[in-house]
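Here is a short note for a colleague opening this model for the first time. Please have the sequence and the structure in view while reading.

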Amino acid sequence: MGKLTMSIPTGRMKEESLALLSRLPQCPPLDFVNSRQLVVEREDLPWRIIFSHPKDSSTYVEFGAADIGIVGKDILLERENEVYELLQLPIGKCTMVLAAPLSTSREELLEKEALRIATKYPNFTRRYLQESGITANVVFLYGSIELAPPIGLADAIVDLVSTGKTLRENRLQVVEEIVPISGRLVANPVSIKTHSKEIYLLVRDLKEVMQHV
């Protein structure tokens with residue numbers, strides 16, 4: 001059947017993913033953290049590796065371009081890709097939050113008329129608002145979400161927070177922690193059947209490695 005194809009996100013999670021995989025007994029040193037190569041095929045590697053944009057990794061897996069992949073839970077919540085979520089990984093840890101200007105409480109925020117919330121995650125945010133009984137207009141932005149409240153574009157934001165430094169620098173505060181986020185190992189629905197043994201062994205070995213991380 002050949003090797004499994006694994007999709008690994010670029011950016012911060014690339015280094016964390018390679019460090020985790022390097023702990024596996026069947027894996028040689030993964031010495032391409034800084035490489036710009038997007039597809040890696042080597043005889044000594046147990047997988048064919050595709051490096052993808054973090055937002056695309058789950059799509060590669062869903063449509064079979066990759067058998068398995070490492071994906072942030074935030075992307076899975078936003079995209080709702082048809083993939084099997086196999087394992088929670090100790091990488092890419094952060095929190096999806098509702099944040100607003102300093103001194104603004106959640107109650108004060110929700111009392112606003114024509115409440116506007118800016119986010120990179122419009123689908124997730126709309127579901128969160130509906131489930132929370134909050135009426136608000138969602139403003140979709142690609143970047144610099146923290147800029148929206150200071151310039152009057154939005155009253156609050158829904159975004160990922162790691163250390164909180166960027167929020168503080170823009171005079172924002174967390175008013176609600178919505179859901180913890182971390183990396184996930186996911187599999188294509190067909191590959192989970194055709195490569196069940198290889199995927200099972202990988203999950204088993206990762207669980208063993210994660211006990212010592």
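**Notes on the model**

1. Two domains. The C-alpha centres of domain 1 and domain 2 lie 30 Å apart. Domain 1 covers 4-93 + 181-211, and domain 2 covers 94-179. These bounds come from an automatic or database domain assignment. Note that domain 1 is written as two stretches of the chain.

2. What kind of model this is. The model is predicted; local features need pLDDT of at least 70, side-chain atom pairs count only at pLDDT 80 or more, and totals for chains, interfaces and linings use all residues. Residues are numbered from 1 along each chain as its sequence is written, and side-chain values use heavy atoms, with hydrogens and water left out.

3. Confidence. pLDDT is the predictor's confidence in each residue, from 0 to 100. The chain has a mean pLDDT of 92, and 99% of its residues reach 70 or more. Among the elements, strand β11 (residues 183-187) has the highest mean, 98. Helix α4 (residues 106-110) has the lowest, 87.

4. Overall make-up. The chain holds eight helices and 11 strands. Helices (H or I, at least four residues) and strands (E, at least two) are DSSP runs, numbered from the N terminus. The C-alpha trace spans about 60 × 30 × 30 Å along its principal axes. Of the 213 residues, 46% are buried. Buried means under 20% relative accessible area, exposed over 50%, and partly exposed in between (1.4 Å probe, protein chains only). Among contacts (heavy atoms within 4.5 Å) between residues at least 6 apart in sequence, 67% join residues at least 24 apart.

5. The domain interface. How many residues of domain 1 are in contact with domain 2? Seven are, and they meet 11 residues of domain 2. The area buried between the two domains is about 920 Å². Carbon and sulfur atoms give 49% of that area. Leu77, Glu78 and Ile181 supply 58% of the area that domain 1 buries against domain 2, more than any other three residues. Buried area here is the accessible area (1.4 Å probe) that two parts lose on being put together, summed over both.

6. The bridge between the domains. The count between domain 1 and domain 2 is one salt bridge. A salt bridge is a side-chain nitrogen of Lys or Arg within 4 Å of a carboxyl oxygen of Asp or Glu. The structure as a whole holds eight. One of them joins Arg127 and Glu80, at 3.6 Å from N to O. Arg127 is partly exposed, with a relative accessible area of 23%. Glu80 is exposed, at 52%.

7. Two more pairs. Arg106 forms a salt bridge with Glu176, and their closest N and O atoms are 2.6 Å apart. This pair links distant parts of the chain: Arg106 sits in helix α4 and Glu176 in strand β10 (residues 172-181), 70 residues apart. Both are partly exposed: Arg106 has a relative accessible area of 24%, and Glu176 has 22%. Glu41 and Arg48 also meet in a salt bridge, at 3.6 Å from N to O. Glu41 is exposed at 59%, whereas Arg48 is partly exposed at 28%.

8. A network. Lys73, Glu85 and Arg184 are linked in a network of salt bridges.

9. Helix α5, residues 122-132. Which residues of α5 are buried? They are Pro122, Phe124, Thr125, Tyr128 and Leu129. Why do they share a side of α5? They cover an arc of only 160 degrees around the axis, which puts them on the same side. The arc is that of the directions from the helix axis to the C-beta atoms. An α-helix has 3.6 residues a turn, so residues three or four places apart point the same way. On the other side of α5, Gln130 and Glu131 are exposed. Just after the helix, Gly133 takes a positive phi of about 70 degrees.

10. Pro54. This residue lies in the loop between β3 (47-52) and α2 (57-62). Pro54 is partly exposed, at 29% relative accessibility. Leaving aside neighbours within four places in sequence, Pro54 is in contact with Pro9, Thr10 and Ile75. Pro54 and Glu113 are 59 residues apart in sequence and 35 Å apart in space, C-alpha to C-alpha.
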